[in-house]
Amino acid sequence: MKKKKVENSENIAAHSGTLYVVATPIGNLEDITLRALRILKDVELIAAEEPDHTRRLCSHYGIRTRLTGYNQHNSASKGNKLLGVLKAGMDIALVTSAGTPAISDPGSLLINMAHEQGIRVSPIPGPSALATALSACGLKVDRFVFLGFLPNRQGKRRNYLKELLNEQRTMILYEAPHRIVELMTDLKEIFGDRQAAVLRELTKVYEEIKRGSISEILNDMDEKRIKGEFTIILTGSEEDDAPGMELKERIEELLNGESTGAKEIATRLSGELDVNYRVVYKECLNVMKARAHKKNHPDIKTL
């Protein structure tokens, strides 16, 4: 084991090492900082999500530091061992397979454990699929919310997305290639045909960025070429997306006519007014509820 210390700090716990959170390339091996290379060379141990993947990076830059695996499957047992190494005064570099650790990554568990033990944690900034995608999508990203990977099961995923129907911030998601078409289909059905960007293989040879409406992106997807993890950026709802007077008036007209079911009205008006089906359905239920309340309380006057 090496005895050289990488950096000193007045805040470091006595006799303990430092946990360096090191960002590594998301594709192109040239996308790594000089500081990250120095840290990876000088620490006593590299805790990697996929050691074989990180070993290729280290070999490319002549780094011979010992590696050990740390991932979602062994995070509980391995975390305590790594804390022991840090408490013994040795430094560790924490890396994920690609990008910045702790973002949709089990590294956050080890980082939290180190903080709780009073062990110094030092970030070494660099590549991130999230920031890279935001910078190149060309959509409005002054305010955004990161959702990461959604539930694998369609039912849970759809319920999760329904709760975001009125989210006005731009939404960023990650998805695996074998579920991307299913996810995009869910997004179109739940949010309507919003503008979006789908990015894959960022910084790699087959880097691809698709922009447009969800339906346009879906129509342009070739299932034979769906490879690599995807970053999806979906525009948030506009304030104008809220139910307007025209929608309410049409619902009232249909309720006064032959149409009496919320599903029937939602199906008709979503196409007629180009409004999301669920928005129409929800507003229809609100109108029907208000009418029923007024009928049961005829003395109530509209203000």
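The model is predicted, with local features requiring pLDDT of at least 70 and side-chain atom pairs counting only at pLDDT 80 or more, while totals for chains, interfaces and linings use all residues. Residues are numbered from 1 along each chain as its sequence is written, and side-chain values use heavy atoms, with hydrogens and water left out.

The protein contains eleven helices and ten strands. These elements are DSSP runs numbered from the N terminus: helices are H or I with at least four residues, and strands are E with at least two. Of the 303 residues, 47% are buried. Buried means under 20% relative accessible area, exposed means over 50%, and partly exposed lies in between, with a 1.4 Å probe and protein chains only. The accessible surface is about 17000 Å². Carbon and sulfur atoms account for 49% of that surface. Areas were computed by the Shrake-Rupley method with a 1.4 Å probe; for residues, only the protein chains shown count as cover. Contact means heavy atoms within 4.5 Å. Among contacts between residues at least 6 apart in sequence, 71% join residues at least 24 apart.

Helix α10 spans residues 262–272. Its buried residues are A262, I265, A266, L269 and S270. Viewed down the axis of α10, these buried residues fall within an arc of 120 degrees, so they line one face of the helix. The arc is that of the directions from the helix axis to the C-beta atoms. An α-helix has 3.6 residues a turn, so residues three or four places apart point the same way. On the other side of α10, K263, T267 and G271 are exposed. Just after α10, D274 adopts a positive phi of about 55 degrees.

Aromatic pairing was examined next. Rings of Phe, Tyr and Trp (its six-membered ring) pair if their centres lie within 6.5 Å; planes under 30 degrees apart count as stacked, over 60 as edge-to-face and the rest as tilted. The structure has three aromatic pairs. In one of them, the ring centres of F146 and Y174 are 5.1 Å apart and the planes stand at 70 degrees, so this pair is edge-to-face. F146 belongs to strand β6 (residues 144–149) and Y174 to strand β7 (residues 170–175), so the pair ties together parts that are 28 residues apart in sequence. F146 is partly exposed at 27% relative accessibility. Y174 is buried at 9%. Y277 and Y281 form a stacked pair, with 6.1 Å centre to centre and 10 degrees between the planes. Both tyrosines, Y277 and Y281, lie in helix α11 (residues 277–296). They are four residues apart, about one turn of the helix. Y277 is partly exposed, with a relative accessible area of 30%. Y281 is also partly exposed, at 27%. F146, F149 and Y174 make up one aromatic cluster.

The count of disulfides is zero. The criterion is a pair of cysteine sulfur atoms within 2.5 Å. C137 is buried at 0% relative accessibility. C284 is buried at 0% as well.

S215 sits in helix α8 (residues 214–219). S215 is buried, with 17% relative accessibility. Its side chain makes a polar contact of 2.6 Å with the side chain of D193. A polar contact of 3.2 Å links the side chains of S215 and S213. A polar contact is a pair of N or O atoms within 3.5 Å; within protein, one must be able to donate a hydrogen and the other to accept it, and residues adjacent in sequence count only if both atoms are side-chain atoms. Residues up to four places away in sequence aside, S215 touches K188 and D193.

Two loop residues complete the survey. A102 lies in the loop between β4 (92–95) and α4 (107–116). A102 has a positive phi of about 80 degrees, although it is not a glycine. At 30% relative accessibility, A102 is partly exposed. Neighbours within four places in sequence aside, A102 is in contact with G107, S108 and I111. T203 occupies the loop between β8 (195–200) and β9 (208–213). Phi of T203 is near 70 degrees, a positive value in a residue other than glycine. T203 is partly exposed, with a relative accessible area of 21%.
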